[in-house]
Amino acid sequence: MLVTGTDTGVGKTVVTAAIAAAAQAAGLRVAVVKPGQTGTVTGDSDEATVRRLADPTTARTLAGYPEPLAPLAAARVASMAPLELYAVVDAVRADAEKHDLVLVEGAGGLLVPMGLRPSGEPWTVADLAVSLGAPAVVVARAGLGTLNHTALTLEALERRAVPAGVVLGAWPAEPELVHWANLSELVPNMVGALPDGAGAMDPGVFRRSAPGWLTPALHGVLDDWRTWADEVS
């Protein structure tokens, strides 16, 4: 399963951790793969965040680049080898043989250049989803602008025959009219919603809470959006 987003900073890593936690609570062995981590010069590590919050069976990063840029650009700036598409595919498939669920967290949005194909052409998270035959989770913002960004991402996935669901990365503690209006539009495609600040929770609380943020499609127990809305309003 690919975890992508409508943009950078929408909460992909915390959503990845939540899916991993819910799946493990359901008895699954989970691997989390981060193909390319950028911004390592600042100490950023999505793998460390996932390990702290969810403690999956396996978590690994295939390549790290110093600058906080798109992975292909970061590789070029650092004069480092870019990620090769089929090497990533092979790594994910190898983990799939040993685990019940493999979560692959992208970088930025769906069409950010991740690396190069053997032909020298750039590839994206969308290409990785097609190559793996994997469904996608689109992490989206709850506020203004999310409808357009989410629709564009879902349309790009649909054109590639990649099934996808939407998770809101940070539902505010005090939602405003725009959040409720967006929710009503997004609910047909939604498979989860995390509370704002979930990533700062105590790991034990995070793991116990995660199934309640996700629908059964993501190994959670959330099955009624009306009840959910009543509880958070």
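Q: Two strands pair if DSSP finds at least two bridges between them. With that rule in hand, which residue in E3 stands opposite Gly36?

A: Ala63 in E3 stands opposite Gly36. One caution before we go on: this is a predicted model. The pairing of E2 (residues 30-38) with strand E3 (residues 58-65) is parallel and spans seven bridges.

Q: Which other strand pairs with E2, and in which sense, parallel or antiparallel?

A: That's strand E5 (residues 101-105), which pairs with E2 in the parallel sense over four bridges. Val30 is a handy place to look, with Leu101 in E5 opposite.

Q: On to charges. How many salt bridges does the count come to?

A: The general idea: side chains of opposite charge can pair when their charged atoms come close. Using a cut-off of 4 Å between a side-chain nitrogen of Lys or Arg and a carboxyl oxygen of Asp or Glu, the count is six salt bridges. Take Arg141 and Asp7, whose side chains meet at 3.6 Å, N to O. Arg141 is in the loop between strand E8 (136-140) and helix H6 (146-159), while Asp7 is in the loop between E1 and helix H1 (12-25), so this pair ties together parts 134 residues apart in sequence. Arg141 is partly exposed at 36% relative accessible area, and Asp7 is partly exposed at 33%.

Q: Which residue forms a salt bridge with Lys34?

A: Glu105, with the closest N and O atoms 3.3 Å apart. Lys34 is in strand E2 and Glu105 in strand E5, so to speak a link between distant parts of the chain, 71 residues apart. Both Lys34 and Glu105 are buried.

Q: Where do Arg60 and Asp95 lie?

A: Their side chains meet in a salt bridge at 3.0 Å, N to O. Arg60 is in strand E3 and Asp95 in helix H4 (residues 85-96), so the pair ties together parts 35 residues apart in sequence. Arg60 is partly exposed, at 30% relative accessible area, whereas Asp95 is buried at 5%. Back with Lys34, salt bridges that share partners join Lys34, Asp46 and Glu105 into one network.

Q: Which residues lie nearest the centre of the largest pocket?

A: Thr8, Gly9, Val10, Gly11 and Lys12, out of a lining of 31 residues. The space in this pocket is about 560 Å³. H1, E2, strand E9 (164-171) and strand E10 (190-195) each supply at least two lining residues, and E2 gives the most, with four.

Q: E9 has come up there. Which residue in E9 is the bridge partner of Val139?

A: First the burial: six of the eight residues of E9 are buried, leaving the strand mostly covered. E8 and E9 run parallel, joined by five bridges, and the partner of Val139 in E9 is Val167. The chain gets from E8 to E9 through H6, in a right-handed β-α-β crossover.

Q: How many bridges join E9 to E10?

A: Four, again in a parallel arrangement. Val166 stands opposite Met190 in E10. From E9 the chain crosses through helix H7 to E10, and this β-α-β crossover is right-handed.

Q: Last one: is Glu176 buried or exposed?

A: Exposed, at 52% relative accessibility. Glu176 lies in the loop between E9 and helix H7 (177-186).

Conventions: Residues are numbered from 1 along each chain as its sequence is written. This is a predicted model: local features need pLDDT of at least 70, side-chain atom pairs count only at pLDDT 80 or more; totals for chains, interfaces and linings use all residues. Side-chain values use heavy atoms; hydrogens and water are left out. Buried means under 20% relative accessible area, exposed over 50%, partly exposed in between (1.4 Å probe, protein chains only). On a 1 Å grid over the protein atoms alone, a cavity is a set of points where a 1.4 Å probe fits but cannot get out, and a pocket is an open set with protein on both sides within 12 Å along at least five of seven lines; lining residues have an atom within 4 Å of a point. Grid points are joined across faces, edges and corners, and a volume is the space filled by probe spheres set on the points. A crossover is right-handed if, with the strands pointing away from the viewer, the path from the first strand over the helix to the second runs clockwise.
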